[in-house]
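Dear colleague,

I am passing on the structure we talked about, and I would be glad if you could look through it with the notes below at hand.

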Amino acid sequence: MDGTATDRFEASRDRLASLAYRLLGSATDAEDAVQDAFLRWQAADRRRITVPEAWLTKVVTNLCLDRLRSAHARRERSVGAWLPEPLLDGDPMLGPADTFEQRESVSLAVLTLMERLSPVERAVYVLREAFSDSHAEIAEILDITETASQQHFHRARRRITTARRGGGGEVDPASARRIVEEFLAAASSGRTERLVALLTDDATAVSDSNGAGPVGKLLRYDTPQRVAAVARAGFKPAPAKRRLVGGPPAAHYAVVNGAPALLFVRGDHVVGTVTFDIAGGRIATVRGIAAPARLARVAEAWRRRDPDAA
């Protein structure tokens with residue numbers, strides 16, 4: 001491949017990766033999809049490609065749809081053991097992020113809710129909401145009609161909006177940090193009443209860890225009292241737990257997928273992330289991720305920083 005063709009692909013790489021990440025919810029799978037698209041770009045007769053960006057968008061989108069439809073993906077995502085892969089603020093896969101809709105489309109909340117959509121609905125929603133593609137462009141990418149694209153989009157947006165339970169608004173960063181730090185202080189000191197007060201009346205939590213390490217199926221907690229209890233047990237220092245996990249990790253405040261979060265770091269290794277959805281000045285959803293495979297990209301980004309302890 002000549003240098004000009006490679007440069008043209010590389011100029012689109014970040015956009016293609018952010019598209020693939022939104023479609024798949026996995027940075028690792030997104031990188032694989034983009035690399036597969038590069039191989040197809042190498043093999044293509046580029047003299048017949050009039051709009052390279054459109055061609056590449058179509059290839060990446062359809063590669064992602066193939067992955068979403070695969071038996072492996074259906075099996076992995078149907079047993080209740082799947083959460084999106086978190087990304088640290090500043091990761092190029094989180095772009096574009098100029099509008100609220102673009103930022104919302106890459107939140108862990110929306111990435112999780114998109115699991116309820118069909119692969120085609122998911123693709124239409126991402127292309128329209130995050131990348132502002134017209135329905136004519138989406139129809140061309142997915143080989144459907146414009147009318148079908150419009151119908152898929154309205155259905156997808158309605159399902160996601162309804163499931164958001166009134167959350168999803170943008171929160172002042174200083175207020176978000178204060179709430180999360182209060183939550184950490186209350187959990188670390190075992191103050192259950194204060195924890196419950198920081199949670200909405202319908203607060204929920206989900207985690208892939210029981211506090212000692214990743215588990216095979218997601219753990220869910222569906223009342224403020226249960227969320228507070230598991231937070232107190234998980235955050236409060238305990239000698240036995242320290243011996244089991246290799247010493248107490250340090251908690252650092254961060255922004256993950258646009259949401260306030262805590263990173264738990266031991267040495268230079270990120271061993272867990274906890275993200276928070278905030279609504280009306282209180283915490284509505286807590287998501288804990290400890291699976292090493294899902295933390296690899298966050299850990300790599302964290303090692304490149306000089307973190308300030310929360």
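This is a predicted model: local features need pLDDT of at least 70, side-chain atom pairs count only at pLDDT 80 or more; totals for chains, interfaces and linings use all residues.

The chain is built from 14 helices and six strands. Its radius of gyration is 20 Å, close to the 19 Å that the globule rule gives for 310 residues, so the chain is as compact as a globular protein of that length. Along the principal axes, the C-alpha trace spans about 65 × 40 × 35 Å. Of the 310 residues, 47% count as buried, and among the contacts with a separation of 6 or more, 66% are accounted for by residues 24 or more positions apart.

The crossing in which helix 1 passes helix 3 is right-handed. On the side of helix 1, the residues that meet helix 3 are Arg8, Phe9, Ser12, Arg15, Leu16, Leu19, Ala20, Leu23 and Leu24, while helix 3 contributes Pro52, Glu53, Leu56, Thr57, Val60, Thr61, Cys64, Arg67 and Leu68. By class, the residues of this contact divide into eleven nonpolar, three polar and four charged.

Helix 2, made up of residues 27-43, also meets helix 3, and here the axes come within 9 Å and cross at roughly 130°. Helix 2 is therefore oblique to helix 3, and helix 2 passes helix 3 in a right-handed crossing. In this contact Asp29, Asp32, Ala33, Asp36, Ala37, Arg40 and Trp41 of helix 2 meet Pro52, Trp55, Leu56, Val59, Val60, Leu63, Cys64 and Arg67 of helix 3. The residues of the contact of helix 2 with helix 3 comprise ten nonpolar, no polar and five charged.

A further partner of helix 3 is helix 7 (residues 119-129), whose axis comes within 10 Å of that of helix 3, with a crossing angle of roughly 145°. Helix 3 passes helix 7 in a right-handed crossing. The residues that meet are Thr57, Thr61, Leu65, Leu68 and Arg69 in helix 3 and Pro119, Val120, Arg122, Ala123 and Leu127 in helix 7, and by class they divide into six nonpolar, two polar and two charged.

Phe38 is found in helix 2 and counts as buried, with a relative accessibility of 12%. Phe38 and Leu56 are 18 residues apart in sequence, and their C-alpha atoms are 8.6 Å apart in space.

Leu63 lies in helix 3, and with a relative accessible area of 6% it is buried. When its neighbours within four places in sequence are left aside, Leu63 is in contact with Ala33, Asp36, Ala37 and Arg40, each of which is also listed for helix 2 where helix 2 meets helix 3. The C-alpha atoms of Leu63 and Pro86, which are 23 residues apart along the chain, are separated by 22 Å.

Is Ala97, in contrast, buried or partly exposed? Ala97 has a relative accessible area of 39% and is partly exposed, and it lies in the loop between helix 4 (71-78) and helix 5 (100-104). Leaving aside neighbours within four places in sequence, Ala97 is in contact with Gln102 and Arg103. Ala97 and Gly258 are 161 residues apart along the chain, yet their C-alpha atoms are separated by 9.5 Å.

Definitions and conventions
Residues are numbered from 1 along each chain as its sequence is written. Side-chain values use heavy atoms; hydrogens and water are left out. A crossing is left-handed if the near helix is turned anticlockwise from the far one by less than a right angle, and right-handed if clockwise. Helices (H or I, at least four residues) and strands (E, at least two) are DSSP runs, numbered from the N terminus. Contact means heavy atoms within 4.5 Å. Ala, Val, Leu, Ile, Met, Phe, Trp, Tyr, Cys and Pro count as nonpolar, Asp, Glu, Lys and Arg as charged, and the others, Gly among them, as polar. The radius of gyration is taken over C-alpha atoms; the globule rule is 2.2 Å times the number of residues to the power 0.38. Buried means under 20% relative accessible area, exposed over 50%, partly exposed in between (1.4 Å probe, protein chains only). Axes are lines fitted to C-alpha atoms, for helices over the stretch in contact, and angles run from 0 to 180 degrees between N-to-C directions. Angles under 35 degrees count as roughly parallel, over 145 as roughly antiparallel, 65 to 115 as roughly perpendicular and the rest as oblique.
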